[in-house]
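Take a look at the structure first, then read on.

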Amino acid sequence: MKFFVDTADVADIREVAEVGLLDGVTTNPSLIMKSGRDFIEVVTEICSIVDGPVSAEVTALDSEGMIREGVKLAALADNVVVKLPLTWDGLKACKALVAEGIETNVTLCFSANQGLLAAKAGATYISPFIGRLDDLGVDGMELIHDLRTVYDNYGFETEILAASIRSAAHVQECALAGADVATVPPPVLKSLAKHKLTDAGLEAFMKDWEKTGQTI
Ligand code: G3P
């Protein structure tokens with residue numbers, strides 16, 4: 001499973017990229033607002049830090065506007081992926097941008113039927129939102145399983161990019177469900193390395209090592 005970080009915070013992106021574990025980045029208008037930075041400027045900077053795909057979302061609601069914005073965003077760097085909402089206009093724009101050789105990420109997916117439409121429109125990625133379904137008392141992970149089944153049934157190449165991930169448990173369940181990518185907030189990504197027994201074991205090893213009086 002590939003790891004993307006779900007943020008427009010350049011310092012956080014650099015920190016994860018330095019470890020060599022970063023496969024890509026996703027942003028959305030809320031994350032751009034949170035960064036406090038100019039959209040075009042920050043996307044261009046992220047693309048220069050990361051070799052992998054960087055999702056940048058259109059804000060037009062009509063297909064013509066989405067296509068116009070998508071072409072503009074795709075021209076910023078080779079690794080820009082144009083993010084489009086899962087609406088009728090978004091699907092139309094997806095089909096048109098894909099025909100131009102532009103990669104797309106269809107976002108705000110909450111059902112397998114929506115995911116089926118995005119795959120038929122040729123989306124490079126589909127972004128099912130797990131946490132927001134959980135918020136409604138619906139098991140968001142079911143959607144990842146359903147999309148995996150639907151895509152495998154018909155050989156769709158659209159990658160399942162699990163989004164709205166809120167916990168380490170979400171990440172583990174996504175991997176078990178066969179998601180292609182998980183886009184994860186940086187603190188959740190860092191938390192994956194943590195385990196109480198790792199900390200306790202390391203502390204005990206260090207105490208014993210100190211008693212040997214040796215150095216490496
Ligand atoms: O990638 C989508 C993600 O940013 C949404 O997450 O936690 O706002 O539902 P959340």
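How many Å separate an oxygen atom of the ligand from an N or O atom in the side chain of S164? The gap is 2.6 Å. Keep in mind that this is a predicted model. Let's start with the ligand and then move on to one helix.

**Where the ligand sits**
- You'll find the ligand in the largest pocket.
- On its own, the ligand has 310 Å² of accessible area, and the protein covers 81% of that.

**Who surrounds the ligand**
- The residues around the ligand are D6, N28, F129, R132, A163, S164 and R166.
- Sort that shell by type and you get three charged residues, two polar ones and two nonpolar ones.

- The side chain of R132 has an N or O atom that is 2.6 Å from an oxygen atom of the ligand.

**A helix to trace**
- Helix 11 takes in residues 196-212, which makes 17 residues.
- From its first C-alpha to its last, helix 11 reaches 25 Å, close to the 24 Å expected at 1.5 Å a residue.
- In an α-helix, residues three or four places apart point the same way, because there are 3.6 residues a turn.

Terms used: Residues numbered from 1 in each chain as written. Predicted model: local features only at pLDDT ≥ 70, side-chain atom pairs only at ≥ 80, totals over all residues. Heavy atoms only, no water. Helix = DSSP H or I, 4+ residues; strand = E, 2+ residues; numbered from the N terminus. Expected span 1.5 Å × (residues − 1). Near = heavy atom within 4 Å. Polar contact = N/O pair within 3.5 Å; in protein donor to acceptor, adjacent residues only side chain to side chain. Areas by Shrake-Rupley, 256 points an atom, 1.4 Å probe, with all protein chains shown as cover. 1 Å grid on protein atoms, 1.4 Å probe; cavity = no way out; pocket = protein on both sides within 12 Å on 5 of 7 lines; lining within 4 Å. Sits in = over half its atoms within 2 Å of the grid points. Nonpolar A, V, L, I, M, F, W, Y, C, P; charged D, E, K, R; others polar.
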